[in-house]
Structure formats: structure tokens, C-alpha cells
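Let's take a walk through this one together.

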Amino acid sequence: MVFTANLLEWLKDPDALLEHLISAYGVWMVAIVALIVFIESGVLFPVLPGDSMLFALGLLQDRMPVNLAVILFVLIVAAIAGAQVGYWFGLLFGERFFKPDARVLKTEYLDSAQVFFHKWGGPAVVLGRFIPFARTFVPIAAGIGRYGWAHFTLWNVIGSIAWTGVFIVAGISLGGVPFIRNNVELIAVIIIAASVIPIALGILKKTLSKTPESGDAEEK
């Protein structure tokens, strides 16, 4: 009965519901964002919404049951670890998993990352953090080019701290704007939805575009 009464109150006040979810599952929200950051930072899946998720966490950080320092530490470690994995992937496997006609691991993406890395050297690891796709493929390009591990790690730590800090601080700072502060829950939901929906639509489009080979054979 108590749960039912609380549920009715939450349905009347969606903000209260979101507050409850953040309070109850805030730690898991940080864990999910950390996983996204880890994967996007060099683990061969460059279309995840790391930037916007970090920004959304910045907006909501004062409502999270986790200290801001802990949130930053977890996310920075995830970013560093993801890029280190990408570096070792490039070092150990080279270009063997990339193909010209691949949907995700396209050779052109890797080629662009290699050109970018050769042009800027170590700072490319930092600059690439702020560029979609480059964020994923620059560490791999560094590994393929056998760039020194110690130097890569140093630039990776600097880039991870800068990238994570900029987007979290941006969320925190804009959260102080009256309009955003008064609508922070709605804005956070819109940001997350705008990040996830394109990925879902891409998967749906890919699924619908597939045609059974048997059907093609019958038409021939």
C-alpha cells in the first residue's frame, strides 16, 4: 500500500520520480556512463554518446548519491583504460580487423586517425578526445604506429582528464543558469534521449535494410 501511494505521488510529480530514481540508482547511472566512456575511448565502437552523457551527469551531479570527486575519478579511469586497450589492440593486431566496406571498423576511419596522429603526434591523443570517431581510433593508430607506450600513456592521462573535466564542468556550470536549473530533469532526459535515439534508429535501419539471400535467389 505504501509503494502504491508513493507511485501515485510520483506519477503526479515526474520530477519527484526522477529524484527517486537518481537517489536509488545513481551509482548505476555512473557505472553505465563509465562503461560508455570506456568503450568509446578505444574499444572499437565509436558511435556511443560519451560527450552528452558526461554533460548530463554534470547537470545531475548535485542530486547524485555519489560524491563529485568519485564520479570524476571513475570516469577518468574509464577513459584512460579504454584508450590503453585501444593502443594495445593496435599494437598487437594492427589493421587486420578493418575493412573498406565495414559498417563500424572502416579502413577510412583508421586511415584518417593515422593521418591525424602523424600530423600532431602525442597531442593528437588529447585533441582526438574532443572529436567523434578520432576519440576511438587515434589510440589504435598510435599502437599501430608503435608510438612509445610511456609517451602515449602520459598524453592519454592528460586528454582523459581534460575531456572528462570539460564536459562535467560544462554541465555543472550550465546547471546554475536559472532556466536550466528549473528544468534540469527535462533537459537531462532530452540530452540522453537525443543521444540514444540515433543509435537505435541506426540499428533499426540496418535491420530493415537486410534482405534474405534466399528471396534474392528466387527473384533471379
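Predicted model: local features only at pLDDT ≥ 70, side-chain atom pairs only at ≥ 80, totals over all residues.

Start with the segment 68–93, which is 100% helix and 0% strand, with its end C-alpha atoms 37 Å apart. An unreviewed UniProt entry annotates residues 21–48, 68–93, 154–180 and 186–204 as "transmembrane region", and helix H4 takes up residues 68–93.

Now look for greasy side chains on the outside. Helix H4 is the biggest contributor, giving three residues to the patch. Take Leu92, which sits in H4: its relative accessibility is 55%, so Leu92 counts as exposed, the cut-off being over 50%.

Helix H3, at residues 50–60, tells another story: 11 of its 11 residues are buried. That run begins with Gly50, Asp51 and Ser52, and it also includes Met53, Phe55 and Leu60.

Last stop: Arg129, in the loop that links helix H6 (123–127) to helix H7 (134–144). What does a buried Arg129 do without a salt bridge? Glu40 has the nearest side chain of opposite charge, but that is 6.9 Å away, and a salt bridge calls for a distance within 4 Å. Instead, look at the polar contacts: the Arg129 side chain has one of 3.4 Å with the side chain of Asn156, and another of 3.1 Å with that of Ser160.

How values were computed:
Residues numbered from 1 in each chain as written. Heavy atoms only, no water. Helix = DSSP H or I, 4+ residues; strand = E, 2+ residues; numbered from the N terminus. Buried < 20%, exposed > 50% of the residue type's maximum accessible area, 1.4 Å probe, protein only. UniProt positions renumbered as here; feature names shortened; annotations may be inferred. Lys, Arg positive; Asp, Glu negative; His and termini not counted. Polar contact = N/O pair within 3.5 Å; in protein donor to acceptor, adjacent residues only side chain to side chain.
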